[in-house]
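Please look over the structure shown below with its pockets, salt bridges and surface in mind. The report that follows takes these topics in turn.

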Amino acid sequence: MEDRARVLEKGTSLNRLFGIVLVLSGAILWGVSGNVAQYLFRTGGINPGWLTSVRMLSAGSLLIIAVLAGEQREVAWKIWADRKSRAGLLIFGLCGMIGAQYTYFEAVAAGNAATATLLQYLNPVIIIVYLLIKWKKKPSIKEVAAIFLALAGVFLLVTKGHPNQISIAPAALFWGILSAFGGAVYSMQPAALLKRWGAAAVVGWGMIIGGLAMSSFYPPWIFRGQLNLETLSCVAFVILFGTFAAFYLYLASLKFLQPIETSLLGCAEPLSAAVVSVVWLSVPFTVSDWFGAVCIVSTVVVLALSRKTNH
């Protein structure tokens, strides 16, 4: 019996380790893809809106194909048979998807991937503030600490520790904060849809809806920029690895880890974005920037631990 218990314990430990590898791989791919997008904007002359259209249409189609190839293929079509779900999908695609994806790429284009990713990571704090106002509830000590850390992080990123100056482009700050609000909508609005239909179908259709809407402004078939093998490879990386593969790695990790663990390990995304920005794209990242990054990432940790305590 003892030997069998050891085998089961080892198997559980290995499964958990596998889950950690999956979620870290997905988070790192998300972080790296932001830098690849920055490279496309700076070197390839690609428009952020065009990349958003192509990314959402391509990755969304791949997700729906994956759902159709799976055991619950009927979900891909049944979701459209329910009127309430149809309305929810349209709102998610037009507000959540575009609000999170397009604004993020604009923030990257106006500034850099590291700052854009960190600013987008403010969305948990926005959600907390919204819920506190909605429920007319006093914040807990951990929630106050998270809000304070978020504000301190933004202050350090924006001013480099000098209150009398703004050290990043105003457009980068504007789009970055907007992407945080978009990320909050992306996280909250489809909760009922995700519970009923699963993440792959909801996110897949949301991307397609958002991509179709973006296509009316930035048609995928009208390309402006440098068309060469390097550019095409970077676009393919953003779609296949930075979106489709990263999403599936994250989903697969949920089979082996608790949601609280995936939330905490997901913090590898902004950190990987910052490291790759410095090493590959030579983005100057000061001590204040790193302290700001730590503050913003800490908000996710504090809020995740707060949810764990509450549960």
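## Spaces inside the model

Sorted by class, the residues lining the largest cavity are two nonpolar, five polar and one charged; here Ala, Val, Leu, Ile, Met, Phe, Trp, Tyr, Cys and Pro count as nonpolar, Asp, Glu, Lys and Arg as charged, and the others, Gly among them, as polar. The model is predicted, with local features needing pLDDT of at least 70 and side-chain atom pairs counting only at pLDDT 80 or more, while totals for chains, interfaces and linings use all residues. Residues are numbered from 1 along each chain as its sequence is written, and side-chain values use heavy atoms, with hydrogens and water left out.

The largest cavity holds about 50 Å³ of space, and its lining is made of Y39, L40, T43, G44, Q226, N228, E230 and T231. Helices (H or I, at least four residues) are DSSP runs, numbered from the N terminus. On a 1 Å grid over the protein atoms alone, a cavity is a set of points where a 1.4 Å probe fits but cannot get out, whereas a pocket is an open set with protein on both sides within 12 Å along at least five of seven lines, and lining residues have an atom within 4 Å of a point. Grid points are joined across faces, edges and corners, and a volume is the space filled by probe spheres set on the points.

| Pocket | Volume | Lining by class |
|---|---|---|
| Largest pocket | about 1,900 Å³ | 30 nonpolar, 13 polar and seven charged residues |
| Second largest pocket | about 320 Å³ | eleven nonpolar, three polar and two charged residues |

The largest pocket has a volume of about 1,900 Å³. Among the 50 residues that line the largest pocket, N123, Y186, S187, Y250 and S263 are the closest to its centre. The second largest pocket is lined by 16 residues, and V67, Q72, A200, Y248 and L251 lie nearest its centre.

## Salt bridges and surface

The structure holds two salt bridges, a salt bridge being a side-chain nitrogen of Lys or Arg within 4 Å of a carboxyl oxygen of Asp or Glu. In one of them R196 pairs with D82, and the closest N and O atoms are 3.5 Å apart. This pair links distant parts of the chain, for R196 sits in helix α9 (residues 191–197) and D82 in the loop between α3 (75–81) and α4 (83–110), 114 residues apart. R196 counts as exposed because its relative accessibility is 53%, while D82, at 22%, counts as partly exposed; buried means under 20% relative accessible area, exposed over 50%, and partly exposed in between (1.4 Å probe, protein chains only).

The side chains of K160 and D289 also meet in a salt bridge, at 2.7 Å from N to O. Here K160 lies in the loop between α7 and α8 (170–188) and D289 in helix α14 (residues 287–310), 129 residues apart. Is D289 buried or exposed? D289 counts as buried, because its relative accessibility is 1%.

In helix α7 (residues 141–159) we find L151, which is exposed, with a relative accessible area of 58%.

Methods
Helix = DSSP H or I, 4+ residues; strand = E, 2+ residues; numbered from the N terminus.
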